[in-house]
Amino acid sequence: MKVGHDGKVYYLDGEPFIVYGGTLQFFRVPKRYWRDRLEKMRRHGLNTVDTYVAWNWHEPEPGKFDFTGETRAERDLVGFLELAEGLGFKVIIRPGPYICGEWRNGGIPDWLIREHPEILARGPNGPLPGDIYYPPITYLHPTYLGAVSKWYEAVLPVIRDYLYTNGGSIISVSIDDEPSYWETIFQPFLTDYNEIITRPGGLWEEWLRSNYSLDELSERYGTPISDYSEVYAPASENEPLPKILDWHHFKIWMTNRYVERLYHHMKRYVDVPISILDPYLLLSAWRHFYRYVRENNLNIHLWTEFWYSFYRSFDFKEDKLGHIYYKTGIYRFYQERLGTPPLSIETQVSLAHTIEPDEAEHLYALIASLGIHNINYYLYVGGENPKGYESHNGITWDVYSPIGLDGSERPHVEPIKWLGEFILNNPDFVNSELRPRVAFGTYEPYEALSLFDLRKNLTESVNLNEYILGERGLLTLLAMSNVPFDVLDLEEASVEEMLRYGQLWVYSLDFMGRKVQDKLAEFVARGGNLVILPMLPYLDENMKPYSALAEFLGVEVERAKARDNPRLIQFTSVSSEGIDRMLVRNTVRGVRGGEPFVFHYGRPVGTFVRRGKGSAIVLGFRLQYYSSHHDLHRKFVEEILAMQNVGRDFEVTEGDIIALPRGNYLVLLNPRGHRVFGKVKYRGVEVPKLLDGIEMRKRGALFLPFGVRYGKVEVVYSTATVLGWDGSMLRLRNHLSGLSEVALRNVEDVRVIGGKIVDESLSDGVLIIVIEHEPGNFEVEF
């Protein structure tokens, strides 16, 4: 019995296995309902169940463990694992020690905190408030690590007995949960000033010694340093910016070292894949995790999650596209380097007042289209909190889960069911490559400054959520302009990797590392096409003057200061050939050098330059997504693509139909929700041929096959999703229209179940049929 993988999917005894699961927290569901909830999950098409194991639930008093339900029926971990296995589920299990989960202390026992308050993370002025519902722990405190060791020694032998490799159903065990000092890592001076960190010779000093010489520190912090003990942990914005960034990176290092300790302990019992969800709850910072596990030979699978609304109505419309393209892009960048299968372990199906099926479908289909085909939905089954174990959420913990507290099934089960049927029955889609022609380059220090809202003496705003990732961000503009893109870490990616793309977009603040600037210059010199905005860097990572990229390009961008006060930030307009008065926001900087092609009231603010074998477009303003001005912005993106000869792998006649190419599939999305209608061309085939166009009446997704074989039959194309086949019958779905067109090779006659043929053509061995049907599923028998 073995659990393996090929970097895309898992293999169980040599057979491919795609994770399509949901989270059922057995300790929140009365034991008498476990079977009912699991059977409903099976009917929804799920093959995996994910659950936490809460430390404080199973060890309510020091040394007194219950994994069989002796003290409470809902503590019967063994019984739950046996039931799940008996119903045909594979299991992902997460024993913490920290589980978050909207559960008391995130699973850390009260008795441990009460007896050993020294394990708690501290602020610069002492203990944090006592009413924090997830009290952050100093991960590397020896007392805490000793307690964790005892917990692991109790729970891991139980888990070991039910591993797939031992004949059980557990195929993966996860370390901790989102180790981020319970999100205090988002705030630079909130934690962690625990004594074991800040004392002379403590962890902070150890990290400094291992990363910098004294001369390097003196240069970086701008002051003479003769001994490491002189470098106190920064506690205010008055410290040098490089030191504040170092403090952030130090906390990331502590998290990595903690994960390493847990990993080695877990490896003593676990021989199935060991995984972790979103270390640090950051994105660009994944580079630190990747480097650490690579350097220390830790075989940890990196998983991610997708959340877009908390305690309000679910909201996933077109203005979220940029963020999800970015998150899946940077995740794939590191997941592929690690060589482990992509998995979204917490794909939001709860924690919202209501979830509309069309918006849920939009999110779930997009995740799969962008390369994450192993999907687990969280929280799939609603439950309730035992008294004394609630966190901030009272007794009921059912915030619109697909299966409610009372066992009822909510409407967003429908897209979960059909998408799972498609993914599990179409291995060609799962194995296909996502190869965008455009990439966006991210620079990790910018992420920290944006989170901290720490601008210091920079002229450019650090509000990257507004200008890049957010609802009006640059990346949503690219997505809504039908520009699929990958994401590259500019510090980690090689020039060769950059050159794989027809175009590289970079958003620049005042500073950028010397190696990165030099790398971008080499990229252009060797034939790369760079688009950089809204300025060029003139400082290095130590905030010392360095402008190698600008000097190489021969372009100078005015150093005008951007404004951060929303009520004072201007809206203005720029113009280019064929583009009259395109709306832009905040400061517009003058640009000198190159061939100007964008103007702000006659002043050049954008230019095109050729250097070496490549080119660069430098813009002194931000491009953003404004739905009411979208056509002009989209037209400007088209101009930028054309200037650097960047094409697409597809064509659409209706710009609001978003297309994503995936090998023999073209995924179509209608993210805005209004009716769209048009034709598409992919792999040299324009479709449809008999109908006037593809109709998408509402928000949703279609997975169109182009030349996909199902047995002896080839689907040349279809404007409906092929859910699967059973030898002589194709199961299809088109819930966005009442007409579908299907072209088949090696078929002369068909029968339609659930619709009727209203037009057909036979030419060159290809049978094309137009099927009238009710929006939804139908079948073609041959």
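Colleague: Glu414, is that buried or exposed, or something in between?
Modeller: In between: Glu414 is partly exposed, with a relative accessible area of 36%. Bear in mind that this is a predicted model.

Colleague: OK, and what does the Glu414 side chain meet in a salt bridge?
Modeller: Arg733, with 3.4 Å from N to O. The pair links distant parts of the chain, 319 residues apart: Glu414 is in helix α13 (residues 413-425) and Arg733 in strand β38 (residues 729-734).

Colleague: And Arg733, buried or exposed?
Modeller: Buried, because its relative accessibility is 8% and the cut-off for buried is under 20%.

Colleague: How many salt bridges does the structure hold?
Modeller: It holds 53. One of them is between Asp246 and Arg220, whose closest N and O atoms are 3.0 Å apart. Asp246 lies in helix α9 and Arg220 in helix α8 (residues 214-221), so this pair ties together parts that are 26 residues apart in sequence.

Colleague: Are those two buried or exposed?
Modeller: Both Asp246 and Arg220 are buried.

Colleague: Which residues are linked in a network of salt bridges?
Modeller: Asp315, Lys317, Asp319, Lys320, Glu359 and Glu471. Within that group, the side chains of Glu471 and Lys320 meet at 3.6 Å, N to O. Glu471 sits in the loop between α16 and α17 (474-480) and Lys320 in the loop between β11 (300-306) and α11 (321-338), so they tie together parts that are 151 residues apart in sequence.

Colleague: How accessible are Glu471 and Lys320?
Modeller: Glu471 counts as partly exposed at 41% relative accessibility, whereas Lys320 is buried, with a relative accessible area of 9%.

Colleague: Switching topic: how many residues of helix α15 are buried?
Modeller: Seven of the nine, so to speak "mostly covered", in residues 444-452. The buried ones are Glu444, Pro445, Tyr446, Glu447, Ala448, Leu449 and Phe452.

Colleague: What covers them?
Modeller: The cover includes α9 (241-267), α10 (286-295), β16 (438-442), α16 (464-469) and β18 (503-507).

Colleague: And what follows α15?
Modeller: Asp453, with a positive phi near 50 degrees.

Colleague: Last one. Which residues gather in a patch of negative charge on the surface?
Modeller: Glu748, Asp749, Asp759 and Glu760. Among them, Asp759 is in strand β41 (residues 755-763) and is partly exposed, at 36% relative accessible area.

Conventions: Residues are numbered from 1 along each chain as its sequence is written. This is a predicted model: local features need pLDDT of at least 70, side-chain atom pairs count only at pLDDT 80 or more; totals for chains, interfaces and linings use all residues. Side-chain values use heavy atoms; hydrogens and water are left out. Patches are made of residues with over 30% relative accessible area and no salt bridge: like charges are joined within 9 Å, nonpolar side chains (Val, Leu, Ile, Met, Phe, Trp, Tyr) within 5 Å. Accessible areas come from the Shrake-Rupley method with a 1.4 Å probe; for residues, only the protein chains shown count as cover. A salt bridge is a side-chain nitrogen of Lys or Arg within 4 Å of a carboxyl oxygen of Asp or Glu. Lys and Arg count as positive and Asp and Glu as negative; His and the chain ends are not counted. The place of a charge is taken as NZ of Lys, CZ of Arg, CG of Asp or CD of Glu. Helices (H or I, at least four residues) and strands (E, at least two) are DSSP runs, numbered from the N terminus. Buried means under 20% relative accessible area, exposed over 50%, partly exposed in between (1.4 Å probe, protein chains only). Contact means heavy atoms within 4.5 Å.
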